[in-house]
Every structure is written in structure tokens, then in C-alpha cells.
Amino acid sequence: MYSSTGESINTPAGVRNDASPAVSVISGDYTGMNEAIKGLQTEYVVFLEKGASLCDNALSRLLKSVRGVGMAFCGYESPSEESPETVRRVLSSPDMACRLFFRLHDESMVSNKLFRTSIIKKHGLFFEPSFKSECSCAFLASYLMYCKNARFIPERLVRMSDDEGGGFEETAESLKGFSYMRKLFKKKAAFSDALYYCGEYMSDVIFSLYSEMVNDGEENEALYRNSVFREFARKLPLIVEKPNDKESLYYYKAILRYGFTGRVDYEI
């Protein structure tokens with residue numbers, strides 16, 4: 001799974017640990033990553049998610065960039081000339097947290113991080129596998145509570161395979177990770193913007209999932225009645241303000257009814 005000398009084990013083909021022995025590379029499922037964290041002895045660590053592989057010299061580039069900051073991160077894709085993400089810059093932790101919720105528009109924002117092992121171990125940070133697809137984002141949010149800043153590298157240093165994304169229930173499960181992040185952001189006033197964006201993102205996901213159920217009809221009624229999504233549908237008033245316009249208010253009330261009764265209003 002990992003090597004304290006920075007030599008990668010069980011990582012995708014093409015991984016080059018050119019920053020050895022300062023960096024360990026850990027890949028695999030999140031439960032295995034948690035076990036590997038316990039034995040980390042290197043100063044830095046990179047967690048490679050499913051389907052990821054490092055480009056040539058990736059670790060050495062990240063290692064140079066982490067000097068003076070708590071974390072270095074890069075993107076999957078080279079930014080376009082029009083993108084503001086063409087400048088190597090240092091971001092505060094609250095700014096970094098806000099970027100978590102813009103990632104659908106720019107996949108380069110929160111990917112491929114070089115963490116300081118000392119911060120992870122000192123504060124007992126770990127991955128929560130039950131957060132599903134948001135597991136790595138929740139881990140990052142925890143890390144940002146103790147990391148003052150991070151440096152962005154506008155380069156493609158990690159390759160990703162095509163990801164078709166998760167289904168309905170996996171998306172619903174991901175709301176657990178967002179809920180966890182909201183609790184973290186509430187603890188520090190500096191993260192108020194991230195707290196707002198997190199709530200907005202959760203609201204968008206909830207409304208989108210409900211629309212998916214409506215469009216699907218009664219074919220998967222049993223799945224929806226027993227879905228973890230109902231837990232978050234009931235919490236909608238805690239996540240988003242009650243809307244004023246008629247159409248949104250109708251959806252809002254329908255989602256709440258679904259949360260408490262399991263019934264979907266297919267007439268919307």
C-alpha cells in the first residue's frame with residue numbers, strides 16, 4: 001500500500017516516486033488508506049484516488065511547491081489560456097475550502113494534494129469511507145482546519161481515467177460528506193463563505209435528486225422510499241432558506257413531504 005521510503009506499492013502503472021524519500025504515495029480504497037496512515041514515516045504523503053496515476057516528475061514538482069505552506073495541489077487538466085488558473089498562487093485555507101464547491105466547473109481545483117504528514121498525525125485525521133464520493137473532500141476539509149495555506153500549481157501532474165460518476169444512491173450518500181463539512185465550517189468564522197457555498201451545493205444536489213425521482217416515475221419507488229436521501233430531505237429547512245417563488249416553494253414542500261413520508265409527488 002505504501003512505503004516509508006516513498007516507494008509506491010499497489011499504485012497504478014506509470015507512477016514515479018521521484019521525490020523519494022520525502023514522500024509516500026498511498027492508493028487503494030479509503031479503509032486501506034486509513035491503515036497506511038498509521039505507519040507513515042515520510043514528511044509528506046499523496047493519496048491517489050481510483051483511476052489516478054502520477055505524471056513524470058509530479059512528486060518533485062509538488063515537493064518544491066509545498067515549501068512555506070501547509071499543502072501543495074495541482075490539477076488533472078492543463079488550464080486554458082482564458083482560465084484564471086494559470087498562475088501559481090498561495091491560497092488561504094478558507095479560500096481553499098470555498099473551492100471545494102466550484103469543482104464541477106473546474107476539476108483542477110481540489111485535486112491531487114501533497115499533505116504534510118505531521119498535520120495528519122497530530123490531529124488524528126482519517127478518511128470516512130461512508131461518505132462515498134465525497135470522502136476525499138471531507139478529509140481535505142478536516143485538514144484545512146489545521147493548515148493555514150496551500151499553493152496551487154497550474155500544471156497537469158496527475159492523469160485520470162474516465163469516470164462515469166455514481167448512481168442515485170451514491171449521490172445521496174455523498175450528502176453525508178457535505179453535512180460533515182458544514183459542521184466543520186461552523187466552528188470557525190473564517191470559513192463562513194465555505195459554509196454558505198456548502199449549503200448551496202447541498203441544496204442543489206437535493207433538488208436535483210428529487211427531480212430525478214419525479215422523472216423516473218414509480219419504477220424505483222421502493223428504492224426511493226428506503227433511500228438515505230430521505231434523511232437529508234427532512235433536514236432541508238436546516239440547509240436552505242424557504243424559497244419565495246411559487247415553483248421552488250412547491251418543490252421545497254414536496255421534498256419535505258417525501259422526507260417524512262417516503263412519498264414522491266410524480267405530478268410535479
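1. Let's start with the overall layout. The chain has eleven helices and eight strands. Please keep in mind as you read that this is a predicted model. Of the 268 residues in the chain, 51% count as buried. The chain exposes about 13400 Å², and carbon and sulfur atoms supply 47% of that area.

2. Next, how the chain folds back on itself. Take the contacts in the chain with a separation of 6 or more: residues 24 or more positions apart account for 70% of them.

3. Now look inside. The largest nonpolar core holds 68 residues, and within it Phe47, Phe185, Tyr210 and Phe229 touch the most other members.

4. Setting aside neighbours within four places in sequence, phenylalanine 185 is in contact with Ala97, Leu100, Phe101, Ala141, Met145, Phe191, Ala194, Leu195 and Cys198. Cys198 from that list is itself buried, at a relative accessible area of 0%.

5. On to the rings. How many aromatic pairs does the structure hold? There are 20 aromatic pairs. One of them joins phenylalanine 101 and phenylalanine 185 edge-to-face, with 6.2 Å from centre to centre and 85° between the planes.

6. Phenylalanine 101 has a second ring partner. Is phenylalanine 101 buried or exposed? Phenylalanine 101 counts as buried, at 7% relative accessibility. The ring centres of phenylalanine 101 and tyrosine 201 are 6.2 Å apart and the planes meet at 50°; why is this pair called tilted? An angle under 30 degrees would count as stacked and one over 60 as edge-to-face, so 50° falls in the remaining class. Since phenylalanine 101 lies in the loop between α3 and β6 and tyrosine 201 in helix α7, the pair ties together parts that are 100 residues apart in sequence. Tyrosine 201 counts as buried too, at 13% relative accessibility.

7. Rings can also join up in groups. Ring pairs link Tyr30, Phe47, Phe115, Phe127, Phe139 and Tyr143 into a cluster. Phe47 is also among the residues that touch the most other members of the 68-residue core.

8. The charged end of arginine 99 sits over the ring of phenylalanine 152, at 5.6 Å from the ring centre. Likewise, the charged end of lysine 188 sits over the ring of tyrosine 146, 5.8 Å from its centre.

9. Why can helix α5 (residues 135–144) be described as largely enclosed by the rest of the structure? Ten of its ten residues are buried, so the rest of the structure largely encloses the helix. Those residues are Cys135, Ser136, Cys137, Ala138, Phe139, Leu140, Ala141, Ser142, Tyr143 and Leu144. Phe139 and Tyr143 are also members of the ring cluster in point 7.

10. Serine 136, in helix α5, counts as buried at 12% relative accessibility. Beyond its neighbours within four places in sequence, serine 136 is in contact with Tyr30, Glu49 and Phe127. Serine 174 is found in helix α6 and is buried, with a relative accessible area of 4%. Not counting residues up to four places away in sequence, serine 174 touches Phe131, Ser133 and Glu134. The C-alpha atoms of serine 174 and cysteine 135 are separated by 7.9 Å, though these residues are 39 residues apart along the chain.

11. Finally, the cysteines. How many disulfides are there? The count comes to zero disulfides, judged by whether two cysteine sulfur atoms lie within 2.5 Å. Cysteine 147 is buried, with a relative accessible area of 3%.

Technical notes
Residues are numbered from 1 along each chain as its sequence is written. This is a predicted model: local features need pLDDT of at least 70, side-chain atom pairs count only at pLDDT 80 or more; totals for chains, interfaces and linings use all residues. Side-chain values use heavy atoms; hydrogens and water are left out. A nonpolar core is a set of buried Ala, Val, Leu, Ile, Met, Phe, Trp, Tyr and Cys residues joined through side-chain atoms within 4.5 Å. Buried means under 20% relative accessible area, exposed over 50%, partly exposed in between (1.4 Å probe, protein chains only). Contact means heavy atoms within 4.5 Å. Rings of Phe, Tyr and Trp (its six-membered ring) pair if their centres lie within 6.5 Å; planes under 30 degrees apart count as stacked, over 60 as edge-to-face and the rest as tilted. Helices (H or I, at least four residues) and strands (E, at least two) are DSSP runs, numbered from the N terminus. A charge sits over a ring if NZ of Lys or CZ of Arg is within 6 Å of the ring centre and within 35 degrees of the ring normal. Accessible areas come from the Shrake-Rupley method with a 1.4 Å probe; for residues, only the protein chains shown count as cover.
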